[in-house]
Structure formats: structure tokens, C-alpha cells
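Below is a short briefing on one structure, grouped by topic. Please read it alongside the sequence and the coordinates.

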Amino acid sequence: MMQLMPTHLSNVMSSLTLAAASPADHVYNHVFIKNEAGFWLWSGNQGNLILSAFICILVGWWAAKKIGTGPETEGHDRYVTRNRFAHMLEVFCVYLREEVARPLLGDRTNKLMPFLWTIFFFILVNNMLGLVPLLDLVHVLSPDLKADKATPIGGTATQNIWVTAMLAIVAMVFYNAVAVKHLGIGGYFGHLTGGAPFPISIFVFLLELASQLFIKPFALALRLFANMTAGHILLATLFAFAGMVVGKGFFIQGPVTLVAVVGGFAIFLLEIFVGLMQAFIFMFLTTVFIALMDHDHDHEHGHEHDHDSEHAHGPTPAHA
């Protein structure tokens with residue numbers, strides 16, 4: 001019995017993409033439909049993105065009903081969240097708003113939070129879906145798709161540099177649009193000069209503009225892409241060891257399978273944490289980029305307010 005368990009487990013794992021010749025097959029995007037010119041029209045990552053959108057919309061709608069204030073007939077109980085999972089989501093939302101965003105954004109926090117919450121939960125759901133073996137399930141149900149390395153859903157969408165780049169571009173458009181609306185066109189471009197004298201202001205402006213449009217989005221896209229790629233390939237590699245020792249005998253197959261499963265489970269837990277952390281970092285940096293464009297404006301506004309207050313109350317006497 002003890003001898004059959006590792007053998008059976010290895011045989012099952014060797015049939016999955018996790019134990020494929022290349023562990024990266026579990027992570028990379030797989031094309032499902034191509035046109036006559038050879039360009040892909042649908043892929044596994046697209047399936048994951050659509051599924052993530054539906055999950056965010058449906059779970060968000062359901063959680064809002066559970067979190068929302070009930071009718072007055074319920075008394076004080078109408079303020080209590082009516083589901084534990086919804087309560088957990090509420091804790092996440094309140095923490096991100098009050099402890100992360102509000103210290104940076106001030107009185108504009110409530111207006112900007114819908115976007116920041118959306119980008120956080122969308123990335124989080126995609127990161128978590130990357131840990132679900134959807135690709136393996138599709139290939140088990142359809143061996144023909146496995147042979148073609150094709151799937152309508154599966155893989156890790158946030159590992160795809162094109163996906164992370166589009167998320168970064170969306171964030172870039174948002175934080176620049178918010179800055180233009182808050183500062184005005186003149187104030188926005190004036191901010192990019194950093195108050196430096198001419199002609200140094202030209203170089204400062206070009207550097208800051210490149211940072212706003214290219215460097216910051218590139219950092220957002222690359223960080224998410226690299227973290228999702230490295231962790232998921234490591235997880236797939238550990239499980240692949242079990243498939244490599246199939247038929248090598250119990251004294252080799254048993255220990256290697258045990259180490260692969262235990263190590264893979266530990267990395268799996270770590271990947272859950274990394275997926276949560278990367279969603280948080282993306283949302284936090286977007287918030288920081290918004291706040292950085294407000295810093296000089298708010299500082300000058302506060303300075304003018306103090307100056308006007310001093311004139312209104314007159315000079316402070318030297319002695320009481």
C-alpha cells in the first residue's frame with residue numbers, strides 16, 4: 001500500500017502540465033484560436049482575464065449587498081455585515097482606504113478609491129487564479145488540446161508581460177489624468193519642472209515626463225511580471241521532479257515525490273502571500289504616484305494659508 005501511493009501520485013502528476021518537459025508550460029500563455037494569418041484570437045490568459053472580471057463583478061455585487069446598511073426595522077443590527085467572507089472583504093477595503101490611501105490622498109480618497117480597489121482586487125484574483133490548475137483540468141478532459149499545447153482558459157495572466165503592461169498603462173493614464181484635473185494643465189507641466197531655473201528646468205522636465213509616462217509604468221509592469229513568473233515556475237519545477245522519477249523504483253520515487261509534494265505545498269502557501277503582496281504593491285505605488293503629483297501643490301497651498309492667517313491675526317507679540 002505504501003509503495004503504491006507515491007507511484008500513483010507520480011503517475012497522476014506526470015500526466016499534468018506541472019510535470020511537463022518544461023515547467024514554464026504551466027505559466028506561459030497558450031493560444032487557443034488563430035486566424036488564417038497565424039495571429040491568435042483567443043488564449044488561455046484571455047480566458048483567465050474574463051473569468052477574473054466576472055468574479056470581481058459578481059463577488060463585489062454580492063459583498064456589497066451583505067455589507068450595505070440594512071432596513072431600519074433591524075435596529076442596530078442593520079450596520080452589521082451579514083456574512084463572514086463579506087466581512088473579510090470589508091476589512092480589506094477599509095484598511096486599504098483608511099491606512100494606505102487616506103494618509104497620502106487626504107480628502108480626495110473617497111473619490112479615487114473605486115479605481116484603486118478595482119485594480120487591487122482584479123490583480124489579486126488573477127494572481128490567485130494562476131495557482132488554480134485550470135490548464136491541467138482542461139488538458140485532462142481534452143488530451144487533444146494537451147498535444148497542441150492549447151487551452152481556452154488557464155495559465156497565469158499576470159505573468160504575461162503584455163497583461164502587466166496594459167495594467168501599468170491604465171494606472172499611468174489614471175494617475176496622470178488625476179494630476180491634470182487637480183493641478184490644471186499649467187500646474188501639471190509646471191510641477192514637472194520641479195521649480196528649477198531655466199535652462200535646467202528643460203532637462204528636469206524631460207526627465208520627469210519620461211518618469212511619468214515610461215519609467216513608472218515600466219517598473220509597475222516588470223515587478224508584477226517578474227514575481228509571478230519566478231514563483232510559479234519554481235512551483236511547477238518542484239512538482240515536475242515527481243514526474244521525472246516515475247518508474248525509478250520505490251526508494252528513489254518515494255522520497256523524491258514526498259519532498260516534491262511537501263516543498264511544493266510550502267511554495268504554494270508562499271505564492272498565495274506573494275500574490276496578495278504584489279496586488280497590494282501595485283495599488284500602493286499607484287497611490288504614491290498620485291500623491292507625488294500633489295505634494296508641491298498642497299505644500300504651496302498650505303504655505304499660502306499660513307501666510308494669509310498671519311496677516312489676518314497680525315504679528316505675534318514678543319511677550320504675553
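Helices (H or I, at least four residues) and strands (E, at least two) are DSSP runs, numbered from the N terminus. This is a predicted model, in which local features need pLDDT of at least 70 and side-chain atom pairs count only at pLDDT 80 or more, while totals for chains, interfaces and linings use all residues. Residues are numbered from 1 along each chain as its sequence is written, and side-chain values use heavy atoms, with hydrogens and water left out.

**Threonine 156**
- Threonine 156 sits in the loop between helix 6 (143–148) and helix 7.
- Its relative accessible area is 0%, so threonine 156 is buried (buried means under 20% relative accessible area, exposed over 50%, partly exposed in between, with a 1.4 Å probe and protein chains only).
- Apart from neighbours within four places in sequence, threonine 156 is in contact (heavy atoms within 4.5 Å) with Val27, Asn45, Gly130, Met228 and His232.

**Helix 2**
- Helix 2 covers residues 44–67, and its 24 residues should span 34 Å at 1.5 Å a residue; the end C-alpha atoms are 34 Å apart, which agrees.
- The expected span is 1.5 Å times one less than the number of residues in the helix.
- Buried residues in helix 2 are Gly44, Asn45, Gly47, Asn48, Ser52 and Ala63.
- Their cover includes strand 2 (40–43), helix 3 (84–105), helix 4 (109–129) and helix 5 (134–141).
- Phenylalanine 54 also lies in helix 2.
- Together with Ile50, Ile57 and Leu58, Phe54 makes a nonpolar surface patch of about 420 Å².
- Patches are made of residues with over 30% relative accessible area and no salt bridge, with nonpolar side chains (Val, Leu, Ile, Met, Phe, Trp, Tyr) joined within 5 Å and like charges within 9 Å.
- A salt bridge is a side-chain nitrogen of Lys or Arg within 4 Å of a carboxyl oxygen of Asp or Glu, and accessible areas come from the Shrake-Rupley method with a 1.4 Å probe.

**From helix 7 to helix 8**
- Proline 199 lies in the loop between helix 7 (161–192) and helix 8 (200–244).
- Phenylalanine 198 and proline 199 are joined by a cis peptide bond, with omega about 10 degrees.
- Serine 201 belongs to helix 8 and counts as buried at 12% relative accessibility.
- Not counting residues up to four places away in sequence, serine 201 touches Thr193 and Ala196.
- The C-alpha atoms of serine 201 and glycine 190 are separated by 9.5 Å, and the two residues are eleven apart along the chain.

**Cysteines**
- Cysteine 56 is partly exposed at 25% relative accessibility, whereas cysteine 93 is buried at 19%.
- A disulfide is a pair of cysteine sulfur atoms within 2.5 Å, and by this rule the count is zero.
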